[in-house]
Amino acid sequence: MDPVLLLSALLLLAFGLIGVGTAEPGLLQDHLLRVGAALIALVLGHLLPPRLLLRYALHILVGVLLLLVLVLLLGDGPGGVRRWFYLGPVALQPSELAKLALILYLSSFVERRGEDYPILGPVLAVGSLVGLVLVEPDFATAAFLAGLAVLLFVLAGIPWPRLLGMGLAVALVVLPFSGLYLAQFRYVSERFANFMDYLQGESEPGGGAYQVVQAKKALLLGGPFGQGPGATLPHLPEAHNDMVFASVVFATGWLGGAVVFLLYTLILLRSLAVALALKGGERLLALGLGLYLALQAALNIGVTLGVLPVTGVPLPLVSYGGSSLLVSGFAVGLLSRLAREAAERPRRKGVAR
């Protein structure tokens with residue numbers, strides 16, 4: 001297993017234990033079990049051949065689409081949202097699986113079709129994923145999926161005129177329904193309005209920006225070296241999940257926060273190095289996995305620092321949450337398998353000669 005990726009993942013999981021234990025000590029035992037499941041997923045991702053996953057990527061995508069439809073019909077969640085299947089003590093969130101399915105499918109498309117090919121099929125597939133997640137409702141995850149897809153299209157070498165044409169067509173279809181969506185799910189516009197009030201210094205301490213204000217307070221109280229895992233964290237909603245970075249910094253200090261940032265940077269740089277040694281769909285797969293982990297981390301940390309609106313997107317490998325931990329663990333394992341294959345191929349060529 002790739003030492004850089006494995007060490008980065010293990011350290012991030014350890015920081016997650018510190019953050020969850022600081023925020024919600026009563027959840028620590030449960031989180032330990034979830035970390036164990038994430039490690040199993042990591043090993044599984046390393047054992048599965050990437051070629052096999054790419055071959056069945058369309059089947060995986062269809063399976064995730066069916067789960068997204070079923071969760072709208074049979075799912076549950078707080079405040080009337082439908083994002084989770086509750087199977088006893090286990091909660092499955094299909095939108096987390098959608099991130100992996102998206103990367104696999106687009107990588108498989110490039111592998112099979114190449115870059116100079118009509119992209120209507122992939123755009124419809126991505127649009128279906130994004131649309132189903134959007135109506136759960138989960139605006140932040142839907143936007144993340146759409147942004148990740150655009151990045152992968154660009155990295156795959158799809159011609160700009162084709163991308164712009166598709167983007168314009170999608171905008172013409174979506175924009176007429178945007179007002180209806182915002183009226184139905186007011187939390188999206190409210191979060192943005194609260195964020196603008198916060199930036200302009202007009203938010204009230206107990207108002208919509210309360211979570212961000214409390215997160216920044218925890219970050220400042222952490223100081224250079226932290227208050228330690230046993231210290232009492234200021235009241236902070238979702239401190240074990242969406243705002244877990246604030247809990248980590250409160251316990252381990254700004255130094256600990258810098259190490260977390262460095263670990264995600266290492267994962268991204270390692271994915272770029274692996275991608276340069278691969279070709280076709282496997283190259284895009286390595287890039288996609290690295291971008292998924294690093295960009296989602298940047299989004300979560302940006303929210304905690306108060307430079308982005310509140311999204312509810314978890315911090316990969318750190319936040320409390322079963323589906324997120326499983327998918328991010330599997331992603332690291334699969335990236336490690338790609339790193340191994342990239343290292344073995346020059347040796348095979350040398351033997352063949």
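Colleague: Hi! What share of the 353 residues of the chain counts as buried?
Modeller: 48% of them do, where buried means under 20% relative accessible area with a 1.4 Å probe, protein chains only. This is a predicted model, so local features need pLDDT of at least 70 and side-chain atom pairs count only at pLDDT 80 or more, while totals for chains, interfaces and linings use all residues. Residues are numbered from 1 along each chain as its sequence is written, and side-chain values use heavy atoms, without hydrogens and water.

Colleague: Thanks! How many helices and strands does the chain have?
Modeller: There are 13 helices and two strands, taken as DSSP runs numbered from the N terminus (H or I, at least four residues, for helices; E, at least two, for strands). The radius of gyration is 20 Å, close to the 20 Å from the globule rule for 353 residues, so the chain is as compact as a globular protein of that length. That radius is taken over C-alpha atoms, and the rule is 2.2 Å times the number of residues to the power 0.38.

Colleague: And what box do the C-alpha atoms fill?
Modeller: Roughly 65 × 50 × 40 Å, along the principal axes.

Colleague: Switching topic: where is Ser-336 found?
Modeller: Ser-336 sits in helix H13, which covers residues 322–352.

Colleague: Why does Ser-336 count as buried?
Modeller: Because its relative accessibility is 1%.

Colleague: Which residues is Ser-336 in contact with, leaving aside neighbours within four places in sequence?
Modeller: Met-1, Asp-2, Leu-5 and His-46, with contact meaning heavy atoms within 4.5 Å.

Notes: Buried means under 20% relative accessible area, exposed over 50%, partly exposed in between (1.4 Å probe, protein chains only).
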